[in-house]
Amino acid sequence: MTSPQSPAPEEFDVIVIGAGPTGENVADRTAAAGLRTVIVESELVGGECSYWACMPSKALLRPVAALADARAVAGSREAVGGGVLDAAAVLARRDSFASHWQDDGQVRWLRDTGIELARGHGRLAGERQVTVESEDGGERLLVARHAVAICTGSRPVLPRDVAGLADARPWTNREATGAPAVPRRLAVVGGGVVGVELATAWRALGSEVVLLVRGSALLPRTEPFAGELVADGLRDLGVDLRFGTEVTALERRAVPGADGPDGADPAEGPSEVTLTLGDGGRLTVDEVLYATGRAPRTADVGLEQVGLHPGGWLDVDDSCTVLGVDGAWLYAAGDVNHRALLTHQGKYQARITGAAIVARAQARPLDTERWGAHAASADSAGAPQVVFTQPEVAAVGLTLDAAERAGLRVKAIDHDLGAVAGASLYGDDYRGRARVVFDLDREVLVGATFVGPGVSELLHSATIAVVGEVPIDRLWHAVPAYPTISEVWLRLLEGCRG
């Protein structure tokens, strides 16, 4: 029973917490099935991908690739000459792809789709109950007849052992994708996807970029040759790449002689950051970007109200139903479940989650067998990813090392992409490499990696081969068009067939 001060319960069929791409897709599926759905969001409708990750970062990177492609071919190379990117134009185009950080269009889509929006911070308040606290201190109590889905995504992780880090105000992906101007000097800490992509973008826009990597390789979760070729590409761009390097301290100080009095608060005028490195060396830059991992946004969503630990990843089954909660009413899709921290996989999970919610609401059994309608099987078997560096990296499924660690009897078939006629037409002196991982017992592919300019468009064919578990003898009859880069498939399949 509610107290006199408690808000009156508002009943819905489905409550979705988080209006990023994953939450939007869950809500779209349930609303389309006739379930009254409300989505709760404390920031911008559209989420991280739309405003601070996928869209703005790829808007920064696309001009880099376009210029590189023009320079790769005789004739167009002479036309563009030694010109550089127009940074102001690139940033303006980036702003348009981020909708100038306004979510009016996304809100209209919700309204047109029949999904209700509750602005504010959502927290679980018990079984099928969510409180929403608005910025003005108002509170609503939402109650779900069928399901609550947590789709709050992830946040960047900053290290705890770096002295002065908080006062240095380092960039995360949000500041790095939304910066209004090009920093003259930028240090990037981290050799994963975010680090190498944003090092590529800001170097191409004119920054002097230093990439600091604690380990000995870039992109450690990919095939080793992928990180090696990306490292070569970054060096070719002029990035100062340093492996085996740790940052032990940061200090931001006002720039002497710049506007503002000496000793002024760095936040009030031009400033620079000095990094102290593990070997005792020092590095001074205008901005430092930390790209050192992600953590779930679950610290303040009321997990303790349903017996779960706040702040951790949410364990789910293949239907994205949260484990450890009585009854099948709580779901978690997207980054929060740690299955595959990729926007497209979050949207895939959302489709599975939405289908499972609808099936249970209609008292229909779930099909959770592998590749069933209510099982997100592709998360473990066929999650594709593109790294939009120069060169691009496109990969799906298992690496050779991961397949061997999984106990599979496999072999890797490699081929020089530059030896394919379509690649030599794509660009002079094309450099790239392709690998497929072949399961010798089942005679299917379990993984594929392509590195080179333009290889992202090869990825979906590889994804179909891996997810569809298409036998090699049938793939042999899938004829690639001549002369395209996809002809590399002939060479790779020849290797599989021996």
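Which residues lie nearest the centre of the second largest pocket? The legends below start there. This is a predicted model, in which local features need pLDDT of at least 70, side-chain atom pairs count only at pLDDT 80 or more, and totals for chains, interfaces and linings use all residues. Residues are numbered from 1 along each chain as its sequence is written, and side-chain values use heavy atoms, with hydrogens and water left out.

**View A. The second largest pocket and its lining.** Ala68, Asp236, Leu237, Gln390 and Arg431 lie nearest the centre, among 27 lining residues. Here a pocket is an open set of points on a 1 Å grid over the protein atoms alone, where a 1.4 Å probe fits and protein lies on both sides within 12 Å along at least five of seven lines; lining residues have an atom within 4 Å of a point. The space amounts to about 750 Å³, a volume being what is filled by probe spheres set on the points, which are joined across faces, edges and corners. Helices α3 (54-71), α9 (193-204) and α10 (224-237) each give two or more residues to this lining. Helices (H or I, at least four residues) and strands (E, at least two) are DSSP runs, numbered from the N terminus. By class, you will find 14 nonpolar, four polar and nine charged residues in the lining; Ala, Val, Leu, Ile, Met, Phe, Trp, Tyr, Cys and Pro count as nonpolar, Asp, Glu, Lys and Arg as charged, and the others, Gly among them, as polar.

**View B. Strand β1 and its parallel partners.** Strand β1 (residues 9-17) is joined by eight bridges to β6 (residues 139-150) and by four to β2 (residues 37-41); two strands pair if DSSP finds at least two bridges between them. Look for Phe12 with its bridge partner Ala144 in β6, and for Ile17 opposite Val40 in β2.

**View C. Arginines over tryptophan rings.** The charged end of Arg174 sits over the ring of Trp52, 3.6 Å from its centre. Arg497 places its charged end over the ring of Trp476, at 4.3 Å from the centre. A charge sits over a ring if NZ of Lys or CZ of Arg is within 6 Å of the ring centre and within 35 degrees of the ring normal.

View D. Most residues other than glycine have a negative phi, and most peptide bonds are trans. Another cis bond joins Tyr482 and Pro483, with omega about -5 degrees.
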